[in-house]
There are 2 protein chains.
Amino acid sequence: MESDKALRVAVLGCGSVGSQVVRLLDEQAADLEARVGAPVELVGVAVRRLDAPREVEVPEGLLTTDALALVSRDDVDVVVEVIGGIEPARTLILAALENGASVVTANKALLAEDGPTLFEAAEKHGRDLYYEAAVAGAIPILRPLRESLAGDKVTRVLGIVNGTTNFILDKMDTAGSGFAEALEEAQELGYAEADPTADVEGFDAAAKAAILASLAFHSRVTASDVHREGISEVTAADVQSAKDMGAVVKLLAICELKDDAVAVRVHPAMIPRSHPLASVREAYNAVFVESEAAGQLMFYGPGAGGSPTASAVLGDLVTVARNARAGTRGVGESAYADRAVLPMGETRTRYHVAIDVDDRAGVLAQVALAFAEHDVSIQTVRQEGRDLDAQLVVVSHEATDAQLSATVEHLRGMEIVREVTSVMRVEGEAE
Amino acid sequence: MESDKALRVAVLGCGSVGSQVVRLLDEQAADLEARVGAPVELVGVAVRRLDAPREVEVPEGLLTTDALALVSRDDVDVVVEVIGGIEPARTLILAALENGASVVTANKALLAEDGPTLFEAAEKHGRDLYYEAAVAGAIPILRPLRESLAGDKVTRVLGIVNGTTNFILDKMDTAGSGFAEALEEAQELGYAEADPTADVEGFDAAAKAAILASLAFHSRVTASDVHREGISEVTAADVQSAKDMGAVVKLLAICELKDDAVAVRVHPAMIPRSHPLASVREAYNAVFVESEAAGQLMFYGPGAGGSPTASAVLGDLVTVARNARAGTRGVGESAYADRAVLPMGETRTRYHVAIDVDDRAGVLAQVALAFAEHDVSIQTVRQEGRDLDAQLVVVSHEATDAQLSATVEHLRGMEIVREVTSVMRVEGEAE
């Protein structure tokens, strides 16, 4: 494009994010023009229904229900996709790229399921595909991973990347609520949807984990590579047990480099209260990054919401616009490392296990033997007698998840074990 | 440059940062080549003395004492400047740019004093000038401000950007040490230099504040625009007084947008313990950013050290190398907003004032009157009787710094006031 020509933008979707994108394009027009070096002009907004109520007034004549026609117009330079979901988003993004437009998207589900198809299309057509808003909302995390840490070796990413579950777990921690009660409060406050499955069962976090792992380790990781456990089984007793050991329960997205392979998982875990992630409250998100040279970094902020997500979209839009003006492309995806994904059973972690046992001599020895049989060594045991029974709380040293889960199965089958009351992984502390 | 040709790098300085840059260039060579798309080759290292001991073995024949000759070689694509200080760094950077090389630097003092000269030279010669390592070491903060938030409006930046002073203040807070004792411990542990002036008196933080404000507000702010107060006057009593009100003392770099002007200052301040910056311990750094759409973001990590700083340098180096291969430049400096800098007297802030007064009737009324005379309204007063005298601790509402300091002068001259024992600004909380 010529250097003084306006950059023409089409927006797909005008919900909570899309309406804020439209608002900012208008309100920040002068600043955007100064930063890009050319005006940024909204040329169309695709919606499902023309007469739906929306948070922003869209200039007359820009609304359309024909998204495919909009992305196929030859006067569109950038398409912002904020519809979400797999289809029709994928078809529309591919059509936009094919038509010569660059794309900015917030669509984590699509990127985690079928990112490579999109990246290849962007590469083939020489266009940009940016998606900072897809992970942790307004928090700049993808650009730092892709660019700031490009000269370093990232070894681990620990993220609180789902605000709904963090809100629920925070309530359980601070108010002592049970899961159901905390979920209900989250729903009342608009932090959780009527059907909360995608959030509470970890699907949303798993999609983000796949995206983070891909960038951090220069490899292709998709949602199906991510071991996923949600928080619906987390009990008030688990949260109390974490408190007793100076820890807090968080739903973590964990991406690790192990030798040349990657391990990517989402599950609730206990982390020490002294860890920077422990103080991430309410619906906030944070991503903790460990790398060889930089050490430990953390990025913190609002992980969702129309306006924060729109900020990330607009940041990408400015980059794409500058690239377009310079006749160049930004950094594309890099998957050169092509690493294997480690199955969960081979991933090394630590377990916190609470067990109700008969209170009689030799119980601790029998439990310790069960751990030893699976080659799992014990870091700490806490024993609390209660009338005729006792509770043992065991925290293991690091072992493979397969060894650890076999140990728990073994415990469940033992005569002296009345119940295994809590099993949770422990993360974020040096052994 | 051609796309398969090596990118040739000259490094100026081989101290704690330079030696880690040299090490990483060697150790990460394969990854750097994959990420850049061409080999990254070290072609020379300028040092003061060839025979000085250093932390890394520099390949034979690469060391030189003639830095100017090195940056003038026609086979150098990128110059990494990690000497620090104003001269000869400025001359060398300008010579490198003029000679057609791009530059990556960690030199906050030079950028804060004479950044515009360097930016203009980079612009004129069509080369890149990157300096992520100049502020907060390994923490990616400049790239997020410049790119991720390019579609947003940053309104405020609060940074803990000097590790030495944070270490000292943290010791004073946790161990109850006085300033002198905490400084001595910092020196013993290598966190403070033998002459600690640049850190302790806030010069280092002021340089970083100027750089942050320039990027955040798209304007030119130099070190001389920054109001600067160090921490050498902070007493154990100040720290205790902060504790009593649930706060902690930090040396903050504060950059604010007020209407169309900017206010930039560095001084110790009390912030509430619930603020994310309050939990930044020891020598860590963190930068807290407030923007209209994104809300509140925080970036946390190691703010100094050879290896973390080298990570930031290498990240810039990869970006510059990618740009060079694409025959393009990155985002240059943008000062389009050209904002006025507000004098400290006109900057609005809040004061915490502790006063020893005679313990007699009417004292509180007289003190309240003194505040009222300067149009400063009081948020809270805490009164503690102690035998024949009493202590009043007053926290004001927001007023201009001129009004607040006039109020303190007024108090000092009052007959009933025995001593103003602590004066400190209060930041980071909603009124």
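**Close-up 1. L314(B) sits in helix α12 (residues 306–326) of chain B.** Helices (H or I, at least four residues) and strands (E, at least two) are DSSP runs, numbered from the N terminus. This is a predicted model, in which local features need pLDDT of at least 70, side-chain atom pairs count only at pLDDT 80 or more, and totals for chains, interfaces and linings use all residues. Residues are numbered from 1 along each chain as its sequence is written, chains are lettered from A and ligands numbered from 1 in the order in which they are written, and side-chain values use heavy atoms, with hydrogens and water left out. L314(B) has a relative accessible area of 0%, so it is buried (under 20% relative accessible area; exposed is over 50%, partly exposed in between; 1.4 Å probe, protein chains only). Leaving aside residues up to four places away in sequence, L314(B) touches G151(A), V21(B), L24(B), L25(B) and L32(B). Contact means heavy atoms within 4.5 Å. M245(B) is 69 residues from L314(B) in sequence and 43 Å from it in space, C-alpha to C-alpha.

**Close-up 2. Seven aromatic pairs occur over all chains; Y284(A) and Y300(A) form a stacked one.** Rings of Phe, Tyr and Trp (its six-membered ring) pair if their centres lie within 6.5 Å; planes under 30 degrees apart count as stacked, over 60 as edge-to-face and the rest as tilted. Here the centres are 5.1 Å apart and the planes at 5°, so the pair is stacked. Y284(A) belongs to strand β11 (residues 284–291) and Y300(A) to strand β12 (residues 295–302), both of chain A, so the pair ties together parts 16 residues apart in sequence. Y284(A) is partly exposed at 23% relative accessibility. Y300(A) is buried at 11%.

**Close-up 3. F119(B) and Y131(B) make a stacked aromatic pair.** Their centres are 5.8 Å apart, with 25° between the planes. F119(B) is in helix α5 (residues 108–125) of chain B; Y131(B) is in the loop between β6 (129–130) and α6 (142–148) of chain B, so the pair ties together parts 12 residues apart in sequence. Both residues are buried.

**Close-up 4. R228(A) lies over the face of F203(A).** The distance from the ring centre is 3.8 Å. A charge sits over a ring if NZ of Lys or CZ of Arg is within 6 Å of the ring centre and within 35 degrees of the ring normal. In chain B, R146(B) lies over the face of Y130(B), 5.7 Å from the ring centre.

**Close-up 5. K208(A) is listed by UniProt, in an unreviewed entry, for "active site".** UniProt positions follow the numbering used here, feature names are shortened, and annotations may be inferred rather than shown by experiment. K208(A) lies in helix α10 (residues 203–217) of chain A. Its relative accessible area is 5%, so K208(A) is buried. Not counting residues up to four places away in sequence, K208(A) touches K108(A), A134(A), V135(A), A136(A) and V161(A).
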